[in-house]
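Here is a short report on a predicted model.

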Amino acid sequence: MHYDVFNGDADGICALIQLRLDQPIESTLISGIKRDIQLLDKVTVNPGDSLTVLDISFEKNSRRVIEFLTVGASIFYVDHHRSGDIPSHPKLTTLIDTDQSMCTSLLVNQFLNGKFSLWAITAAFGDNINHSAEKLATRLSLSGARTDVLKALGIYINYNGYGGSVSDLHFAPDFLYREMVCYSSPFDFISENPDTFEKLETGYHEDMACAMKLKPEYESKFVAVFLMPDEAWARRVSGVFGNNL
């Protein structure tokens, strides 16, 4: 059995899209809200199983990685967060780069020699790594208008990953992945799935409008403190509101 384990934000989803467009396989999808990073706790493996793990901290999941390797599973692990010590093992392959200009989807883009770069640009914008996204868009000679479309999509996908639980989200990450993985281009996804895109777009703008009405509890020249209400919209918008601030 193969497991695809991925963060439920834009980076995790778009990284897996690129890999499965290049190499389609039957797999069990394991994901969750953006802040659910110990996703390997949801997996039970047997000898001979394999896993692709994307955009969750190796350091936070190292115990499970070692357990899985000991059982006899093989693991392909791609991430850009702090890794801690990475064991040397014949069944473990890692692509980990913690440089602030990198995200998991950009690492996958390099691994695939740029086969699906539009998805990598989308993810980088979603992860708020705008300089890297714009640099890659320029390399592909994308117009400003088309670049803005990818930026918006990335922000919307990333926004969708925030919540206290999957029930807070507009779409479960594994559902959203299945909706998008059919398309080699994000532009095709948008044009052929207007209802999904519109729900993300509308939800984002409605929640951001609520957030922008908040007044800081405390504000100085250097810092502002916002208290978010305990409501689903506030849990959804917390990440992108923070990026906006």
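## Salt bridges

Lys 42 is partly exposed, at 45% relative accessible area. Its side chain meets that of Asp 36 in a salt bridge, with N to O at 2.8 Å. Asp 36 also counts as partly exposed, at 21% relative accessibility. That value sits just outside the buried class because buried means under 20%.

The structure holds 14 salt bridges. One of them joins Asp 127 and Lys 34, whose closest N and O atoms are 3.9 Å apart. Asp 127 lies in the loop between α4 (117-126) and α5 (130-139), and Lys 34 in the loop between β2 and β3, so the pair ties together parts 93 residues apart in sequence. Asp 127 counts as buried at 18% relative accessibility. Lys 34 is buried as well, at 16%.

Asp 168 and Arg 235 form another salt bridge, with the closest N and O atoms 2.7 Å apart. This pair links distant parts of the chain, 67 residues apart: Asp 168 is in the loop between α6 (144-160) and α7 (173-180), and Arg 235 is in helix α10 (residues 232-244). Asp 168 is buried, with a relative accessible area of 9%. Arg 235 is partly exposed, at 27%. Elsewhere, a network of salt bridges links Asp 41, Arg 63, Arg 64 and Glu 67.

## The sheet

Five strands make an open sheet in the order β2-β1-β3-β4-β5, with parallel pairing. Its edge strands are β2 (28-30) and β5 (92-96), each pairing on one side only. From one strand to the next, the twist averages 10°.

Inside the sheet, β3 (residues 50-54) pairs with β4 (residues 74-79) in the parallel sense, over five bridges. Ser 50 has Ser 74 in β4 as its bridge partner.

## Cysteines

How many disulfides does the whole structure contain? The search finds zero. Cys 103 is in none, and the nearest cysteine sulfur, that of Cys 14, is 8.7 Å away. A disulfide needs the two sulfur atoms within 2.5 Å, so that distance rules the pair out. Cys 103 counts as buried, at 0% relative accessibility.

Cys 182 is in no disulfide either; its nearest cysteine sulfur is that of Cys 14, at 14 Å. Cys 182 is exposed, with a relative accessible area of 59%.

## A nonpolar patch

Tyr 218, Phe 222, Val 223 and Val 225 make a nonpolar surface patch of about 440 Å². Val 225 lies in strand β7 (residues 224-225). This valine is partly exposed, at 40% relative accessible area.

Methods. Residues are numbered from 1 along each chain as its sequence is written. This is a predicted model: local features need pLDDT of at least 70, side-chain atom pairs count only at pLDDT 80 or more; totals for chains, interfaces and linings use all residues. Side-chain values use heavy atoms; hydrogens and water are left out. Patches are made of residues with over 30% relative accessible area and no salt bridge: like charges are joined within 9 Å, nonpolar side chains (Val, Leu, Ile, Met, Phe, Trp, Tyr) within 5 Å. Accessible areas come from the Shrake-Rupley method with a 1.4 Å probe; for residues, only the protein chains shown count as cover. A salt bridge is a side-chain nitrogen of Lys or Arg within 4 Å of a carboxyl oxygen of Asp or Glu. Helices (H or I, at least four residues) and strands (E, at least two) are DSSP runs, numbered from the N terminus. Buried means under 20% relative accessible area, exposed over 50%, partly exposed in between (1.4 Å probe, protein chains only). Two strands pair if DSSP finds at least two bridges between them. Axes are lines fitted to C-alpha atoms, for helices over the stretch in contact, and angles run from 0 to 180 degrees between N-to-C directions.
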